[in-house]
Amino acid sequence: MDNYDEKNIFNKILNKEIKCKEIESDEYTLSFEDINKQAPVHALIIPKNKYKDFSSFSKNASDKEIANFCRSIFSVAKKKGILNNGYRIIINCGPDSNQEVPHLHAHVLGGKNLGPMLC
Ligand code: AMP
């Protein structure tokens, strides 16, 4: 879908060619620890279907997938104990955002004061 690159690392995680530290998983979504943490809590939430970025997901995903993705972000934040102090959700999309992995992912960051939005 939308020139999806099958060789990206998150697709390899979904295909179990590469391991991840799983937080939770359901029919539509997988959540795991980021390998290079930028905060005490740094989780990644990805859809199980093949969407290269947020634009492709918004255009092509079903309402169920979109709702599930959103609820999974909340569920991970809850599981990680960062609901009360707050957290940041980042979705990089496309070249200007410096998105590195071409499979949609939401970063969920927290566990300390995260400072200004952009450095
Ligand atoms: P982005 O720049 O938004 O595409 O973010 C890609 C994220 O994927 C970075 O935060 C990386 O640390 C993370 N990452 C890359 N490879 C892995 C991996 N094998 N397991 C977990 N996180 C990864």
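How many aromatic pairs does the structure hold? The structure, a predicted model in which local features need pLDDT of at least 70 and side-chain atom pairs count only at pLDDT 80 or more, while totals for chains, interfaces and linings use all residues, holds three aromatic pairs, a pair being rings of Phe, Tyr or Trp (its six-membered ring) with centres within 6.5 Å, counted as stacked if the planes are under 30 degrees apart, edge-to-face if over 60 and tilted otherwise. Residues are numbered from 1 along each chain as its sequence is written, and side-chain values use heavy atoms, with hydrogens and water left out.

In one of these pairs, the ring centres of Phe10 and Phe32 lie 5.4 Å apart with the planes at 80°, so the arrangement is edge-to-face. Because Phe10 belongs to helix H1 and Phe32 to strand E2, this pair ties together parts that are 22 residues apart in sequence (helices, H or I with at least four residues, and strands, E with at least two, are DSSP runs numbered from the N terminus).

The ligand is surrounded by 16 residues (each with a heavy atom within 4 Å of it), and the closest are Asp34, Asn92, Glu100, His105 and His107. Backbone N or O atoms also approach the ligand in polar contacts (pairs of N or O atoms within 3.5 Å): one of Ile35 lies 3.2 Å from a ligand nitrogen atom, whereas one of Glu100 lies 2.7 Å from a ligand oxygen atom and one of Val101 lies 3.0 Å from a ligand oxygen atom. Helix H1 (9–14) and strand E2 (29–33) are the elements that give two or more residues to the shell around the ligand, and H1 gives the most, with three residues.

Note on methods: Polar contact = N/O pair within 3.5 Å; in protein donor to acceptor, adjacent residues only side chain to side chain.
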